[in-house]
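I have a new structure open today and want to get to know it piece by piece. These are my notes, in the order I looked things up.

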Amino acid sequence: MTVPVIAIDGPSGSGKGAVASAVAARLGFHLLDSGALYRILGVAAHRTGLDFSDSGALSELAANLEIEFGRTGPDSVHLAGEDISTEIRTDLGSRLASEVGAIPAARQALHERQLAFRQPPGLVADGRDMGTVVFPDALLKIFLTASVEERAQRRYKQLIAKGIDAILPDLLRDLNERDARDSQRSVSPLKPAADAIVLDTTELPLPAVIEKVMDLVHERLPGTPS
Ligand code: C5P
């Protein structure tokens, strides 16, 4: 039997990370945070001073990254034994991820790594192209959206809650730039798969989005845990 995949795609701040991890935990499925892979590659390339236009070096680096998820907690990420969980989530980490994400050789090199996450009993995969490119045969494809203003507000609240200074208009500008780069790139642009269910979360609180996705999972996979 093929291992079921639930693909959750959408722009930054749409809530897909939180929805994907809650749904994976409730189903007892594995979780792929594909954005983290792009962030790790971006940070690793930046650290080694690699020229982003050198596709050969970038794919070699991507193929050889020693990544470990979850060693010290659900969100922890280690690169060759070093904890880089915080570093990959900085604004620089976001920008570097979006830059490497626009390079076809980098996407190609990360493709196999993403497929390897598909293990029984199932996988919840979160990203930009999970339903369109990486898992086109996913059992359920969700595309989460929210207005850019709402997404900037969410990011602002997250940063303030963590005690990090933030300026709302700057966050809004960064999100607009990242959205434009992610949707306009020629490889795997951010867009819903033809068979994706689009959920606008602008006015929908997180628990309601999670319940909605769980209902859709149960329709397609009767008998899975609730
Ligand atoms: O999801 P997250 O915000 O962590 O992703 C960071 C960046 O990585 C995105 O802005 C996007 O450019 C890139 N990305 C991608 N394809 C994915 C996941 C993330 O291009 N499947």
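Before I start on strands, I need a rule: I call two strands paired if DSSP finds at least two bridges between them. I also keep in mind that this is a predicted model.

**Entry 1: strand β1**

I began with β1, residues 5-9. Is β1 enclosed or open? I checked its residues one by one, and 5 of the 5 are buried, so the strand is largely enclosed by the rest of the structure. For that call I took buried to mean under 20% relative accessible area.

Then I looked at which way the side chains go. Val5, Ala7 and Asp9 point one way from β1, while Ile6 and Ile8 point the other way. Both groups are buried.

**Entry 2: the neighbours of β1**

Which strands does β1 pair with? One is β6, residues 123-127, joined to β1 by 5 bridges. Another is β7, residues 140-145, with 4 bridges to β1. I noted the direction in each case: β1 and β6 run parallel, and β1 and β7 run parallel as well.

I picked out one contact on each side to find my way around. Opposite Asp9 I found Gly127 of β6. For Ile6, the bridge partner in β7 is Leu140.

**Entry 3: salt bridges**

How many salt bridges are there? My count came to 18, and I wrote up a few of them.

Glu211 and Arg26 make one, with their closest N and O atoms 2.9 Å apart. I traced where they sit: Glu211 is in helix α9 (residues 206-220) and Arg26 is in helix α1 (residues 16-27), so to speak a link between distant parts of the chain, 185 residues apart.

Next I went to Asp137 and Arg118, whose side chains meet in a salt bridge at 3.2 Å, N to O. This pair again links distant parts of the chain, 19 residues apart. Asp137 lies in the loop between α6 (130-134) and β7, and Arg118 lies in the loop between α5 (104-115) and β6. At 47%, Asp137 counts as partly exposed, and so does Arg118 at 22%.

My last one was Asp174 with Arg173, where the closest N and O atoms are 3.3 Å apart. I have Asp174 down as partly exposed at 30% and Arg173 as partly exposed at 45%.

**Entry 4: aromatic rings**

I searched for ring pairs and got 1 aromatic pair. How do the rings of Phe69 and Phe117 meet? Their centres are 6.1 Å apart and their planes stand at 65°, so I put the pair down as edge-to-face. The cut-off I used for that label is planes over 60 degrees apart.

Phe69 belongs to strand β3 (residues 67-69), and Phe117 is in the loop between α5 and β6. They are 48 residues apart, which makes this another link between distant parts of the chain. Phe69 is partly exposed, with 33% relative accessibility, and Phe117 is partly exposed with 22%.

Key: Residues are numbered from 1 along each chain as its sequence is written. This is a predicted model: local features need pLDDT of at least 70, side-chain atom pairs count only at pLDDT 80 or more; totals for chains, interfaces and linings use all residues. Side-chain values use heavy atoms; hydrogens and water are left out. Buried means under 20% relative accessible area, exposed over 50%, partly exposed in between (1.4 Å probe, protein chains only). Helices (H or I, at least four residues) and strands (E, at least two) are DSSP runs, numbered from the N terminus. A salt bridge is a side-chain nitrogen of Lys or Arg within 4 Å of a carboxyl oxygen of Asp or Glu. Rings of Phe, Tyr and Trp (its six-membered ring) pair if their centres lie within 6.5 Å; planes under 30 degrees apart count as stacked, over 60 as edge-to-face and the rest as tilted.
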